[in-house]
Amino acid sequence: MNTLQRIAFAAAACLGLAAGAVAANDISGAGATFPYPIYAKWADAYKKLTGIGLNYQSIGSGGGIKQIKAKTVTFGASDMPLKPDDLKAAGLLQFPMIIGGVVPVVNIKGVGPGQLHLDGATIAAIYLGDITKWDDPQIKRLNPKVALPGTAIAPVYRSDGSGTNFLFSDYLSKASPKFGTTIGANSSVQWPIGIGAKGNEGVANMTTQTDGAIGYVEYAYAKQNKMSYTQLTNKSGAVVSPSAESFQAAAANADWSKADSYYLILTDQAGAKSWPITGASFILVYRQPTDSVQVGEALKFFAWAYKDGAAMASELDYVPLPAALIDQVKKTWRTEISAGGHPVWSGP
Amino acid sequence: MAIIDPRHAAKQLIFERVFRSATLMAAILVLVILGGVAISLLHGSWPALSHFGMHFVTREIWNPVTEQFGALSAIYGTLVTSTIAMAIAVPVGFGIALFLTELCPPLLKRPIGVAVELLAAVPSIIFGIWGLFVLAPVLQRHVQPWLIEHVGPVPGIGKLFMGPPYGIGILTAGFVLAIMVLPFIAATMRDVFDTVPPMLKESGYGLGATTWEVIWKVVVPHSRVGIVGGVMLGLGRALGETMAVTFVIGNAHRISTSLLAPGTTISSAIANEFTEAVGDLYTSSLIALGLLLFLITFSVIAAAQAMLRRLERRAAL
């Protein structure tokens, strides 16, 4: 073997090693923007612990679904669950990873956080343009003790397609048949009135700037900016405030065991403590992955996040899944994700 | 001994040829990229265009739930915001350029010139955030209520200034766009005015013309072509601007007569909705919006070219 050949051989070996090292180490995923902060925080902690990094591109749920279907990433992430038929057609499996809530916020003179009480039908009527003043009898009836001004209501909505929009419009569709038939639920919908602001920060800003405004933002955003959130009447008729407990109650009261492929939208769940605009963010992986080692690593990461990531999630005002649901998800992993007849994940 | 070394000459010849083909390749690359963009836009938008046909450009509806899409409101918003922007930016930019080249005391010339160029370097997201957090509240509290109260009742024009003062909307978007395109227009026009030969101007003054007469009868006619070029450069940017508009336009797929109402533009609709768009028809409709913007920009440039050619022909006579 001459020198040149030897060098070439060594170089090839090095390249092979390097490629192998990258492939074995980094988990790649893409999708929803809503859970990005917590995924990034988990990834950071996990990397310090195990040396395995997570490369998560928060390009939006639609992008995440496209990327996993194109098999360019190990997992996709979506704020909207995929329908069981779509999953089967693509050979994908989905499971919930983290829970969050959407909170209506208002800007009415003299009304502080948690003082106004609304229900789904009333909010739907506001966003349909059927209720236009804050001293409308329907709002007064829900708030006999609050002094409501006759200001015009200025509805603010999220203009960019988002899971927040999906949860909010899904809730209003369930609460008001008229909203369901004329508007419907989606990551962006055609709002008949109001003004569209970009992102949580845009909605929050428009709401605080405009007298008489109503908007909706992710819980963390309402809490950290001390916005005037409202209470809501839930499906059981109870009046609830947004909190980690009421989001988790909604997730715990949902009947996940009966939901095919975890296709369950957490809005408008029954239970005395359930917050009605709650939603889970989902992960998508292949049932029979070609890159089974990668998927195994990803599932190890998710298992670790379920167990040790709960406190970090709470710090960022996300809500961890209830314990029973985690056990169910892990069982699904064991039984339904396999490569060459062997389960890809076999942890506790 | 020969004066020209033949080996050197041969080397030069090869170098010339290589350089020539390299520049040719660079030029062709532009055409290839442009063609590629056009083809992929057509390909991507085909599902939507074949499904909706001509209705895609004539309908106002944009409903992702029922998958009914029409681009009319986005086209309307794009054209109206750009028109507002040009209506403000062209006269102001023209004024800045004239002042800098003809009237400015030498001490102020550099600071103002640098400031105009700096304005061009500000990223669009900064304009968007500034528009949303600083400009919109001012318009909402002080400007729009006045417009609604005093201009609103005027018959005809009043229709443009009705409805609640949201602060953001078509007018605000046009205003932010005007500020964004102003430096392009001003800088281009200034450079063009600078190319007017001093001898021409001095001859004008020598014949007893006033500054006003020199500007309108010597400087402006001499730089007509450049003025049109500057306006088109600004218009091109106004039509395609995305981020700043998304922040301040209110993002509603509706056509309202009032300029204070929220609207949408082609590029802001794409920026807003593409990330979370699920489903072929939805994605394809967004790409079709991109194709429409491509066509609008293309026709604007074509119109500008035609206008320039006419001007040149008239100047040659």
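**From one serine to the A–B interface**

A:S61 is found in helix 3 of chain A. Helices here are DSSP runs of H or I with at least four residues, strands are runs of E with at least two, and both are numbered from the N terminus. This is a predicted model: local features need pLDDT of at least 70, side-chain atom pairs count only at pLDDT 80 or more, and totals for chains, interfaces and linings use all residues. Residues are numbered from 1 along each chain as its sequence is written, chains are lettered from A in the order in which they are written, and side-chain values use heavy atoms, with hydrogens and water left out.

Is A:S61 buried or exposed? A:S61 is buried, with a relative accessible area of 2%. Buried means under 20% relative accessible area, exposed means over 50%, and partly exposed lies in between (1.4 Å probe, protein chains only). The side chain of A:S61 reaches the backbone nitrogen of A:D79 at 3.0 Å.

Now look at the surroundings of A:S61. Contact means heavy atoms within 4.5 Å. Leaving aside neighbours within four places in sequence, A:S61 is in contact with residues that include A:G31, A:A77 and A:D79.

A:Q190, A:K198 and A:Q209 supply 24% of the area that chain A buries against chain B, more than any other three residues.

Finally, step back to the whole of chain A. Its secondary structure comes to 14 helices and 13 strands. The C-alpha trace of chain A spans about 90 × 40 × 35 Å along its principal axes. Of the 348 residues of chain A, 58% count as buried. Among contacts in chain A between residues at least 6 apart in sequence, 75% join residues at least 24 apart.

Definitions and conventions:
Buried area = accessible area lost by both parts, 1.4 Å probe. Polar contact = N/O pair within 3.5 Å; in protein donor to acceptor, adjacent residues only side chain to side chain.
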